[in-house]
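Let's take a walk through this structure together. Have the sequence and the 3D view ready, and follow along as we go.

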Amino acid sequence: MMHFALTKEHKLFQTSLRKYLVAQDKTRAARLFITGDLSHYEKIWTGLAELGAMAINIPEEYGGAGLSQVDLIPVLEEVGRILLPGVYAETVAFATPLITQYGTAQQKERYLPKIAAGEAKFTLAIAEPDTWSFAQQAIQLQAKPIGDYFILNGTKTFVIDGDHADAIIVAAKTADDAVTLFIVDKEDVQWSTKRLQVVDETKAITEVHFDNIRLSKTAVLGEINNGWSIYQQGQQSLKAALAMISVGSMEEIVEMCAEYAKTREQFGHAIGRFQAVKHRIVEMKVELDLAKSIVYYANWAVAEQPKDVVTAVASADAFTKNAFIEVAGHNIQMHGGIGFTTEIDCHLFLKRARLLESYLGQLQDSYDVIIKAQGWMRNDQTVQQSEVLQSNNT
Amino acid sequence: MNLTYTQEDELFRLEIRSWLEANLPEGWIEGRRNLPENDRQRKDFLKAWQRKLMEGGWAGIHWPKQYGGRGASLIQEVIYQEELARVKAPPVLNFMGINMVGPTLIQMGTSEQKEKYIDKILSGEEIWCQGFSEPNAGSDLAGLQTKAVERDGKWYITGQKVWTTYAHMADKCFILARTSSAGKRHEGITAFLIDMHQPGVEVRPIYQMNDDHDFNEIFLQDAVAEAADVVGGVGMGWQVSMALLSHERVGVAGTIFHLENIFENLVQDMQLKAANRTMAIDNPHHALKLAQIYTRLRAASLNYYRNLTKTIDQGYPGPEGSIDKLVSSELSKELTNFAVSMQGIQGVLWKGDENTSVDWQHQYLQSFGSTIAGGTTEILKNVIGERILGLPKDLK
């Protein structure tokens, strides 16, 4: 029966998550992160794990609830509302599904229970300093096979939490036109990091340098030389998750903005009474609702894999990245002077929106995916090379 | 979260789909979809289609079975809209009667009114129009001034109505008139059922920028309404009209499906060749615009279904329908605007000289009406702001 909404159980779970995060003072974790104090972020990570938020899509035999991407939605929306720093999405919507589907029994036993218990943070390392690109062609870092090992020597950039993740899933070149994914675990090897200065100071964005580290073959995730198609699967669920987090952020923005418009008075009236303000907030609400719908569908599609899953995720990605920036910008405007300061949260949402805009690929890349999947521009090389899963997906 | 239809609903879809394939005029599905230009012939054509729908059991499907309907569920009504859009079926001439007047009379009409009017609504024997807006009462409907005075047991109505769809083809009118000027403006309004073929009623077509004249002005000079044809009671007109409008359950389903439909036509038309010119579909600027429209249309469609779920869950449509109306009407402007633009200079041709599978120029012009009729964009933004976001009402 057609029921395009969260279930009662989802909503109950979401209510308890919200209650917990409100008690943690919402964006306090993000604000402290800016000052270098990660303790509140760590506390929330543990708290979320205790509420079951890390175990949702982990199979039951590894300590999880055995549920799917759709069941992540309540958590994704709530962590988006508070601009949670760190790698929640990378861990539950990239590492978990890939290790579950492609991991060896050893990898599953080693990592899945730890993730479920909130004891493992995962991140990914794709882009490199020469090109700053998330495309396959840009990957030059090699993993050289030597006997039973691979030697990794080089640098990745834009690695979120590279300096305190427990493991990094690294994409490295292992043949001329082929990439392999490696789980690089800090229990086995060391790496050095350089923290980059980014506008969004609520996320740790790092350059990660591997100095001739030795990776055992057991660190390979999935098949050697087949890493890119595996990466694309992971990217699909990660993009859908990130879009859902952004929708949560947009939800918080619209509420904050409407609340301000009802309480801030000028000329003897709440400013929300004036149509210019009222209508602008309505426009924000409209973009929020549209984003929510297209992103719910994308997450449902990741779980159910209908024929249009590739387009579903690409369109959700493009729509939301754009809408988040727009809505965050209008929010500042509606708050007037105080919106321009660091005293309130408006600027944090805008900066997060910009960070996410080109993460894992630019807007144009998502549009190229749609164009290719729909069969338009058949004669154009750039589009035809754009990365879309080679399957019977449309 | 479930986005599939039940088997029962899929069978329903097959049923309406095959009936349409068997009963649409010859050549319609293949593309020969011109309605007669002449008013008389157009009316006959549409009335005949209306009758066919009724005979096939496909008119007023949401009406209770005892009144000739199927008692269709909301999902089935949506599927019905989808299938009609899919074949670009001819418009339902008596949509006012079937979607608004009929259900209102079923809900609150007297038994005399039900007996007199209901059957002829479904068959299309009597076509209905809606007399609400006036030249000085559009968005501000409560300001209407058409007067109704009682004399010797009958009502005499004098005034002017505007934007009355199909008035030139209608037999009856559901009309709002002012019966009292005491108290608040909307308290002195009464709803009447009147005959359009009487001396006191004159219809004049309004010539629209899209070359249609479906809208009309109605001039009333002592037009007669029987006492038995007051709906809901004297002075209850505002509440009755709210109830009438609330019977529109499927909202903008038709618009959304139509947009999805013509989007396919747009892709098709972008593959028309021209000497020394890349096909529009291979032009990167055009392809990008197409992808952006596609994305927004997907979002609008999915949002419609998400709101539909809410309507089904709570049993009545909520104010979110205003968001769907706002989005779909603005999107129709964006889509048709682009469709005209991508044709290059051929985008100025129409009335058969255009070289496309859909009359884009006509649809583009029509889109300017869609953001005004049935709630302007500006009014909708106020409704959304006040009813959904709880923002304060305008300064008065």
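Keep in mind that you're looking at a predicted model. Start where the two chains meet: chain A puts 38 residues into the contact, and chain B puts in 38 residues too. On the side of chain A that touches chain B, the elements giving two or more residues are α7, β10 (269-270), α8 (275-304), α9 (309-334) and α11 (363-374) of chain A. Of these, α8(A) provides the largest share, with 14 residues. Sort that side of chain A by class and you get 24 nonpolar, 8 polar and 6 charged residues.

Now look inside. In soluble globular proteins, nonpolar side chains tend to be buried together. Here, the largest nonpolar core counts 233 residues, and A:F182, A:A298 and B:F192 have the most contacts inside it. Helix α7 (residues 227-263) of chain A supplies the largest share of this core, 17 residues. Zoom in on B:F192: setting aside neighbours within four places in sequence, its contacts include B:W155, B:I175 and B:V230.

Next, find the sheet in chain A. It's an open one, made of 4 strands in the order β1-β4-β5-β8, with mixed pairing. Why do β1 (122-125) and β8 (220-221) of chain A each have one side left without a neighbour in the sheet? They stand at the edges, so each has a single partner strand. For β1(A), 4 bridges join it to β4 (residues 167-175) of chain A, and the two run parallel. One detail to spot: A:F122 has A:A167 in β4(A) as its bridge partner. Finally, α7(A) comes back into view, packing on the sheet and touching β4, β5 (178-185) and β8 of chain A, with its direction at about 65° to that of β5(A).

Key. Residues are numbered from 1 along each chain as its sequence is written. Chains are lettered from A and ligands numbered from 1 in the order in which they are written. This is a predicted model: local features need pLDDT of at least 70, side-chain atom pairs count only at pLDDT 80 or more; totals for chains, interfaces and linings use all residues. A nonpolar core is a set of buried Ala, Val, Leu, Ile, Met, Phe, Trp, Tyr and Cys residues joined through C-beta atoms within 7 Å. A residue is buried if 20 or more other C-beta atoms lie within 10 Å of its own, exposed if 12 or fewer, and partly exposed in between; C-beta atoms are placed from the backbone. Two residues are in contact if their C-beta atoms, placed from the backbone, lie within 7 Å. Ala, Val, Leu, Ile, Met, Phe, Trp, Tyr, Cys and Pro count as nonpolar, Asp, Glu, Lys and Arg as charged, and the others, Gly among them, as polar. Two strands pair if DSSP finds at least two bridges between them. Axes are lines fitted to C-alpha atoms, for helices over the stretch in contact, and angles run from 0 to 180 degrees between N-to-C directions.
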